[in-house]
Every structure is written in structure tokens, then in C-alpha cells.
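Please look through the structure below together with this briefing, which is arranged by topic.

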Amino acid sequence: KLQFLYLIDTHDAARSTMGVLTMAQAETARTKPGELSAVGAGWTDVEPLAEWVGKVNLAENKLESLGFAEGSGVGCLMVAKNKIERLRGLGAMKKLKILDVSGNPLRSLEGAEEAEALTALIAARCPEAVGVSSLAAVGRCGRLETLVLREAHVPLPSLQPIVRMATLTKLSLSQCGLSAMPWGTKPHRLANLTELRLAHNAIPAVDAFLSACKALKILDLGHNNLTDVDGTLARIAELPKLTHLTLQGNPLEAALETRGDGAYRERVVEACRGRLKYLDNDYATDEFRAKKRQKKEEGAAKRAKKEEAAAPKPVAVSFGESPVKPRGERANFVLVSPELAPVAPATAEDIEKDLEEGDGDVFTMGKMTNWSSTAAKASGLRNSEFAGEKVKATSTALDFLTQAPVGSRAW
């Protein structure tokens, strides 16, 4: 008579029983073609990946190496929060484009440069892996477009190889203990950068080299030590494509707010010459807010119209010689059991009366079994669209509804 069973705090015990993940197990567990996902299962190793695997998510396990992916066709490898200390074997992963090793006890990022196709490296919360030689190796990744190194103390000199990467479009150095802009006092090669995140550092000022990031669309400088209102806004105003800006949490925000309600927001939007769409994770202006709302409403109306056009049209089902006519925009579906109809035949008037008195769209009598054109004729259901069409036997009226498209010959 057991109805409920609660297993509390058994997570670690369950993990201790896991060992090597086999491809047979992965094949059984996969939910999408080409994907392998076994998060938080406690695996200590994985069999060499099969050819069908293209995307792998093995986060929060106990893996110590990436040897299982060597020679495979994996394109996206997510192994955050494991026990990996070194990046070995990436040179044998010819199709690897995305690598997430966040939260691992990595001692270095050396080896990343061997992944020839690598375009995105996510190594957040890896404080011991951001030394000079380590980031020099990352700087040799010829196709890297996205680099995430947040939540690790990164010495400014070690970032010189990174700021010289002309291929970078996204760079995240939030919570890295920076005391200046990442390029320091030297020019950089980040002209293609579209997203730069430097939140929660100790940056006191924005220098002139920021204006060289002409492609920048997203800039996050929140929670730093920016105090110079005019200087900061003048530098930011030189970014012609900027649409997303975060400055909250800096002393300059409080300085502007003391001048009056809305002074901070108005000043920043004005300085950016109306280009801003989002400021501090909110709409920059009321006009843009109204435009987004209108666009959302138009999208909802378009989807509703599309759904209405694709919705089943009302269907009239003939019982005997009298048609049962649908009412309104919704169809009233009439299902009659072939078992009961010969015994207690119903008239069209009876059915219409029940439909008028009831709230539902489905009128049923008895249990649906072995419904087919033969059964329909035997029950007295004539002048219909069956015409010899066979319908798979069902056990309930609901099953029948889900198997026969409305308006089809089966109906």
C-alpha cells in the first residue's frame, strides 16, 4: 500500500556507485540526435565517444581528463565543475569549437591552442589557470571569438596576448580584480569586439583606447570605481554601435542622482545620442519601451492569427439522415459507440439537445472499440466521410481524437 517514498540526502551515495559511462548507456539515455548529456551523475570517466556524438554535457561529474573525446567529432564539450587539472588531447579534437571548463581545478590553459577549430573558450572560476604563460597559449588560438575568464584574479600584464587577438568578438573579465582597463596603457587589437564585460572590478577610469572598439554593442562597467562623469560619458559616446550599457554601482551614478530624479539616466542616454536601447538591464527610454511593447503585441497577434488559420475547421457529422451542425467557431465532435447505438439509438435532436445543455465539445456514449468504417455503418452512422477508411483500434474516445486529423476522411 506504499504511496510515497522520499529519499533524502542520498545524492553523494548515488554518485559513489557510478564509474565509467559507456556508449551503450549514453545511447539509451540521449534525448536528442547527436547529443550526450549526463550532468551530475558522478561519472569518473567516459568510454571513447562514438561517431554520433556532436554535443557533450558532462558537467558536475568527477572526470579528471578529456581523453574520452580524443579523435571524436564532438563540436561542443561542456565539462564544468569536474576535476580536470590540465587540457590535454585537444589537438586530436579536430571539430571542437566550444569548450566549457569552468569551475575545474585547472593549473593552466595551455593546450587550448592545439584545438585548431576552437572559437569559444569558457574558463570561469579557474583562478590558478590565468598566469602569463597560460594566457599566452590562449593568445595563440587563431580562431577564438569568445573568451570568458570571469571570477579569477587576472594580473594585467598577463592580458597583453589577449588584447592583441583581432578575432575576439566577446570578452568577459568580470570579477577579475582589474585595477585598470584590460589593455593597460598600451594599444590593443580589439576592433572586432562586440561585447565587453568588466563588471565588479576596481577600474577607476575609462581611457582613450576604448574608442578603438568601434564594433562594441554591449559594454558592462557596472560596480567599478568610476567617478569622472564627463570623462566616462565622453569615452562611451565615441562608440557608434553601442546599444547595451551598464554603469550602475559606480560612484558616478550616485553623483548624478543627487542632482534630481532621473538625472543619471537622462544624462547617460543624452551622452550616447539616442543610440542606447538598454541601460542597466532596463529599457533606456520610455519611447523604446513603448516600441518593444508594441512589437510584442504585434507578434502575439500574428501568432494568434496563424494559430487560428491552422486550427481545425468545424465538422458536421451525419447521424442517420439528419446532420448535426457545429455551432460557433468551435466544432462539436459527436462520437457514438458502435456497441450502444443498435441498442439505444439516438436521434440528431437528442444529440443537439445534449450539446446545447453541456459545456463540452465532445459528446460520447460508451467505450470506443475497434472503430472503423464497418463499425460506423453497423451503428447506423451514414452519409459520412469514412468511405472504407480504416482507423487504428482505440480504447478510449480521447485516443481516437488524437489519432485522426480533424476534417480528414478518418473523421
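A residue is called buried when its relative accessible area is under 20%, exposed when it is over 50%, and partly exposed in between (1.4 Å probe, protein chains only). By that scheme Asp282 is partly exposed, because its relative accessible area is 30%. The model is predicted, so local features need pLDDT of at least 70 and side-chain atom pairs count only at pLDDT 80 or more, whereas totals for chains, interfaces and linings use all residues. Residues are numbered from 1 along each chain as its sequence is written, and side-chain values use heavy atoms, with hydrogens and water left out.

**Salt bridges between pairs**

- Side chains of opposite charge can pair when their charged atoms come close.
- The structure holds eight salt bridges, a salt bridge being a side-chain nitrogen of Lys or Arg within 4 Å of a carboxyl oxygen of Asp or Glu.
- One of them joins Arg107 to Glu85, with the closest N and O atoms 3.6 Å apart; this pair links distant parts of the chain, 22 residues apart, since Arg107 sits in the loop between E6 and E7 while Glu85 sits in the loop between strand E5 (76-78) and E6.
- Helices (H or I, at least four residues) and strands (E, at least two) are DSSP runs, numbered from the N terminus.
- Arg107 counts as partly exposed because its relative accessible area is 48%, and Glu85 is also partly exposed, with a value of 34%.
- Another salt bridge is formed by Arg197 and Glu195, whose closest N and O atoms are 2.7 Å apart; here Arg197 is partly exposed at 29% relative accessibility, whereas Glu195 is buried at 15%.
- Asp282 meets Arg289 in a salt bridge at 3.6 Å, N to O, and Arg289 is partly exposed because its relative accessibility is 27%.

**A network of salt bridges and positive phi values**

- Arg125, Arg150 and Glu151 are linked in a network of salt bridges.
- Arg125 lies in the loop between E7 and helix H3 (132-138), and at 30% relative accessibility Arg125 counts as partly exposed.
- Glu151 is placed in the loop between strand E8 (146-148) and helix H4 (160-163), and Glu151 is partly exposed as well, with a relative accessible area of 32%.
- Most residues other than glycine have a negative phi.
- Arg125, however, has a positive phi near 55 degrees, and Glu151, which is not a glycine either, has a positive phi of about 60 degrees.

**A buried serine**

- Ser102 is found in the loop between strand E6 (98-100) and strand E7 (120-122), and Ser102 counts as buried because its relative accessibility is 4%.
- Leaving out residues up to four places away in sequence, Ser102 touches Ala80, Lys81, Ile122, Ala123, Ala124, Arg125 and Cys126, where contact means heavy atoms within 4.5 Å.

**A patch of positive charge**

- Lys217, Lys241, Lys277, Lys291 and Lys295 gather in a patch of positive charge on the surface.
- Patches are made of residues with over 30% relative accessible area and no salt bridge, with like charges joined within 9 Å and nonpolar side chains (Val, Leu, Ile, Met, Phe, Trp, Tyr) within 5 Å.

Methods. Accessible areas come from the Shrake-Rupley method with a 1.4 Å probe; for residues, only the protein chains shown count as cover. Lys and Arg count as positive and Asp and Glu as negative; His and the chain ends are not counted. The place of a charge is taken as NZ of Lys, CZ of Arg, CG of Asp or CD of Glu.
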